[in-house]
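Subject: Handing over a structure

Dear colleague,

I am passing a structure on to you, and I would be grateful if you could look it over before reading my notes. The sequence and the structure come first, and what was found follows after them.

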Amino acid sequence: MFDQPDSFDVDNPFQLALSFGMRDDTTLENFYPLRNESVVRQLKQLAAGQGEPYLFLWGESGAGRSHLLQASCHRAGALGRSAFYLPLDQLLGHGPSVLEGLESLDLVCIDQLQLAVGSPEWEEPLFHLFNRLRDAGRSLLIAADRPPRQLPLQLPDLKSRLSWGLVYRVWGLDDEGKCEALKARAQQRGIDLADDVAQFIMHRSPRRTGELFALLNQLDRASLAAQRRITIPFVKEVMDW
């Protein structure tokens with residue numbers, strides 16, 4: 001059951017954000033930045049309340065947009081700033097009332113914006129939220145599957161607002177990049193993942209980075225429970241490959 005609070009507790013924003021599916025293991029440090037270094041730099045500034053107060057990220061599914069939005073919320077919270085993550089794929093059914101009062105927060109992150117495009121019920125409240133955040137001197141981070149100019153918006157004023165600020169493409173990883181990202185994530189978890197093991201996992205698992213990292217988590221738990229290293233025979237045994 002979704003309960004929309006009457007007002008936001010800016011002293012404990014993550015209690016609210018976690019109710020909307022924000023993962024606690026998403027950080028800017030564990031995002032593999034290949035071709036996205038400038039995006040990560042800008043997000044670090046945004047989370048700290050510095051630089052451009054409005055950023056728009058776009059890219060293909062699986063490129064890491066949601067990770068970056070959630071990671072920005074976590075970083076803002078670690079710096080003592082209030083932040084809120086709104087994944088529209090989970091919230092559309094609850095209506096635009098979820099946008100009320102957000103201008104009291106330091107950083108608002110709206111994910112999957114393309115799902116609200118074309119709906120007057122959502123476009124006008126989004127436009128007003130943009131204005132309230134700007135007037136209050138707050139920061140806004142938006143992500144969608146395409147740049148603002150390609151979104152089929154019905155409200156011209158909202159289309160104009162979304163073109164303000166900085167617009168970045170989030171580049172997805174090719175298979176080689178995903179393999180490197182998998183090894184980097186393993187290293188961050190204290191796992192010595194050999195090249196041949198990483199390649200073996202890549203050739204047999206789903207190629208989306210989120211699914212790869214979930215598989216790594218599963219192998220890590222199994223490795224700790226069995227007190228065994230993650231080798232190709234161990235991966236075969238755990239994954240039944």
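This is a predicted model: local features need pLDDT of at least 70, side-chain atom pairs count only at pLDDT 80 or more; totals for chains, interfaces and linings use all residues.

Residues are numbered from 1 along each chain as its sequence is written, and side-chain values use heavy atoms, with hydrogens and water left out.

**The chain as a whole**

The chain has ten helices and five strands, where helices (H or I, at least four residues) and strands (E, at least two) are DSSP runs, numbered from the N terminus. Its radius of gyration, taken over C-alpha atoms, is 19 Å, close to the 18 Å that the globule rule gives for 241 residues, so the chain is as compact as a globular protein of that length; the rule itself is 2.2 Å times the number of residues to the power 0.38. Along the principal axes, the C-alpha trace spans about 55 × 35 × 35 Å.

Of the 241 residues, 48% are buried, a word that stands for under 20% relative accessible area, with exposed meaning over 50% and partly exposed in between (1.4 Å probe, protein chains only). The accessible surface of the chain comes to about 11,800 Å², and 46% of it belongs to carbon and sulfur atoms; these areas come from the Shrake-Rupley method with a 1.4 Å probe, and for residues only the protein chains shown count as cover. Among the contacts (heavy atoms within 4.5 Å) with a separation of 6 or more, 74% are between residues 24 or more positions apart.

**Charges and salt bridges**

The chain carries 26 positive and 32 negative side chains, and the centres of the two sets lie 6 Å apart. In that count Lys and Arg are positive and Asp and Glu negative, whereas His and the chain ends are not counted, and the place of a charge is taken as NZ of Lys, CZ of Arg, CG of Asp or CD of Glu.

Side chains of opposite charge can pair when their charged atoms come close. A search of the whole structure finds nine salt bridges, each being a side-chain nitrogen of Lys or Arg within 4 Å of a carboxyl oxygen of Asp or Glu. One of them joins glutamate 29 and arginine 75, at 2.7 Å from N to O. This pair links distant parts of the chain, 46 residues apart, with glutamate 29 in the loop between helix H1 (13-17) and helix H2 (37-47) and arginine 75 in helix H3 (residues 65-78). Glutamate 29 is partly exposed at 47% relative accessibility, and arginine 75 is also partly exposed, at 27%.

Arginine 146 and aspartate 145 meet in a salt bridge as well, at 2.9 Å from N to O; arginine 146 is partly exposed at 29%, and aspartate 145 is partly exposed at 30%. In the salt bridge between glutamate 237 and arginine 228, the closest N and O atoms are 3.0 Å apart; here glutamate 237 is exposed at 52%, while arginine 228 is partly exposed at 35%. Finally, Glu180, Lys183 and Asp195 are linked in a network of salt bridges.

**Buried places**

Which residues of helix H8 (residues 195-204) are buried? They are Val197, Ala198, Phe200, Ile201 and Met202, and the buried residues of H8 pack against helix H7 (175-188), helix H9 (209-226) and helix H10 (232-239).

Arginine 161, in helix H6 (residues 156-162), is buried with a relative accessible area of 15%. Apart from neighbours within four places in sequence, arginine 161 is in contact with Tyr54, Phe127, Phe130, Asn131 and Arg134. Proline 87 lies in strand E2 (residues 83-87) and is buried, with a relative accessible area of 1%.

**Two backbone angles**

Most residues other than glycine have a negative phi, and most peptide bonds are trans. Glutamine 227, in the loop between H9 and H10, is not a glycine and yet has a positive phi of about 55 degrees; glutamine 227 is exposed, at 67%. Aspartate 240, in the segment after H10, likewise has a positive phi, of about 60 degrees, although it is not a glycine, and aspartate 240 is exposed at 70%.
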